[in-house]
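Student: Can we go through this one together? I'd like to start with the ligand and then check the backbone.

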Amino acid sequence: MKDNAVSSDLSGKRILLVIGGGIAAFKSLDLIRRLRERGASVRAVLTKAGAEFVTPLSVSALTEDKVYTDLFSLTDEAEMGHIQLSRQADLVVVAPATADLIAKMAHGHANDLASTVLMATDKRVLIAPAMNVRMWDHKATQRNLTTLQGDGVLVAGPNEGAMACGEFGPGRMAEPLEIVTAIERAFAVSQPLSGKRAIVTSGPTHEPIDPVRFIGNRSSGKQGHAIAAALAGQGADVTLVTGPVALPDPAGVETVHVETAREMLAAVEAALPADIAVCAAAVADWRVADEADQKLKKEEGKTLPTLNLTENPDILKAVSRHPSKRPDLVVGFAAETEKVEEHAAAKRSRKGCDWILANDVSPQTGTFGGDRNAVTLISDTGSVPWPAADKADIANRLAAEISAHFAPGTDKSPLEVAE
Ligand code: C5P
């Protein structure tokens, strides 16, 4: 497959790496190695807390440079002032970005070398957050993150998983290679989708039964969010319309949060016109026709309530058949549990979209909620199965196919760009 979006060559790029104080700091040593393998030069600032986890000596051995640790060292200032340090870089990377560093950045504190450099820089900044799941979920952290994203700070991760403290959830620092990919994306010279507008739907919808209950499904939103991020990585101006999910808003994407299918349709319509629409949301097919204003009460001896369902709007169909603002390329998903290709192909013509990504969501595949996916791309020229891959890789591949579709002078068949 052509990967015309991201240059994997970082030669000549100067990275200033700020290593914060967290157990994930050991991964930053590998990150230095990976960056240098790709031709980048790395200069490191180690916070006082960071130095509790990795030694200046090991950082210096890997960067083959002096490690900067202290704001008030006269020698440091004489050799390289903190302003210069922050300017003589093409990108500043903070990994691990602790809750404290994120808070300092969001509020403009400058009371040590790391925070001073981050205040003084005129370069783009990418952070790889790492912290305990509760610290990550804390409103203050999420608020600070939103502030930073609004300031244009790029965010890589965090990942979900077991934590050093014994808890489980989001907060693990992204793996070194994932951070490298985010860095490469930040430097991507070719942005084939720049100037294109894309709308992506993601996550489930929640259809209220009464003020406290709803009908929902198990969609995690991972695939849709990854697609929004991948399209943004290729330069598209992306609006992500998402149902309720436990994921952070992707960096560089305008995210609209909705609950119901009708709200999702309204948000999608408000985001039109667009060149590209990718409907990855698992929209509830039905909603309760007579949603109760008050909580339905369980009363002894009373007959059980009956839920009358009515059909929800089909967003993919509405966009595909839009009378005046149909995007040039509309992509849908078909989650099937049997006869996957056959059902998906039928769905493609029924809905009127251009491409369908068919995936098998039978329980044994672990697709729903999992990190991996196996899809077949169905277009008017046939179907191409893609190897099972991480949802992020599927998203990148889809973004590359979409870029190829819009590339001037190329055959618009997705089969042409398949491996
Ligand atoms: O009909 P089904 O739900 O299987 O179709 C799946 C595709 O249609 C997905 O792309 C999904 O996002 C989209 N869809 C939609 N609105 C609905 C139902 C499905 O956009 N109400």
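Tutor: We'll take the ligand site, then its pocket, then some backbone details. Keep in mind that this is a predicted model.

Student: OK, which residues surround the ligand?

Tutor: The shell is Cys279, Ala280, Ala281, Val283, Pro313, Asp314, Ile315, Leu316, Gly332, Phe333, Lys347 and Lys351.

Student: How does that shell divide into nonpolar, polar and charged?

Tutor: Eight residues are nonpolar, one is polar and three are charged.

Student: What polar backbone atom is 2.5 Å from an oxygen atom of the ligand?

Tutor: One from Cys279.

Student: And the nitrogen side? Which residue has a polar backbone atom 2.8 Å from a ligand nitrogen atom?

Tutor: That is Pro313. Ile315 also has a backbone N or O atom 2.9 Å from a nitrogen atom of the ligand.

Student: How much of the ligand does the protein bury?

Tutor: 87% of the 440 Å² that the ligand exposes when taken alone.

Student: Which elements give two or more residues to that shell?

Tutor: Helix H12 (315–320), strand S17 (329–336) and helix H13 (340–351).

Student: Now the pocket. Where does the ligand sit?

Tutor: In the second largest pocket. That pocket holds about 1200 Å³ of space.

Student: How many residues line the second largest pocket, and which lie nearest its centre?

Tutor: The lining has 41 residues. Ala281, Ala282, Val283, Asp285 and Ala335 are nearest the centre.

Student: Which elements give two or more residues to the lining?

Tutor: Strand S9 (197–202) and helix H10 (222–233) do, along with H12, S17 and H13.

Student: What's the lining by class?

Tutor: It has 17 nonpolar, 15 polar and nine charged residues.

Student: Switching to the backbone. Which peptide bond has omega near -5°?

Tutor: The one from Ala95 to Pro96, which is cis. Pro96 lies in strand S4 (residues 91–97).

Student: What about Gly157 and Pro158, cis or trans?

Tutor: Cis, with omega about 5°. Pro158 is in the loop between strand S6 (154–155) and strand S7 (159–162).

Student: Then what is the phi of Glu64?

Tutor: Glu64 has a positive phi of about 55°, and it is not a glycine.

Student: Where is Glu64?

Tutor: In the loop between helix H2 (56–63) and strand S3 (67–68).

Notes
Residues numbered from 1 in each chain as written. Predicted model: local features only at pLDDT ≥ 70, side-chain atom pairs only at ≥ 80, totals over all residues. Heavy atoms only, no water. Near = heavy atom within 4 Å. Polar contact = N/O pair within 3.5 Å; in protein donor to acceptor, adjacent residues only side chain to side chain. Areas by Shrake-Rupley, 256 points an atom, 1.4 Å probe, with all protein chains shown as cover. 1 Å grid on protein atoms, 1.4 Å probe; cavity = no way out; pocket = protein on both sides within 12 Å on 5 of 7 lines; lining within 4 Å. Sits in = over half its atoms within 2 Å of the grid points. Helix = DSSP H or I, 4+ residues; strand = E, 2+ residues; numbered from the N terminus. Nonpolar A, V, L, I, M, F, W, Y, C, P; charged D, E, K, R; others polar. Points joined across faces, edges and corners; volume = space filled by probe spheres on them.
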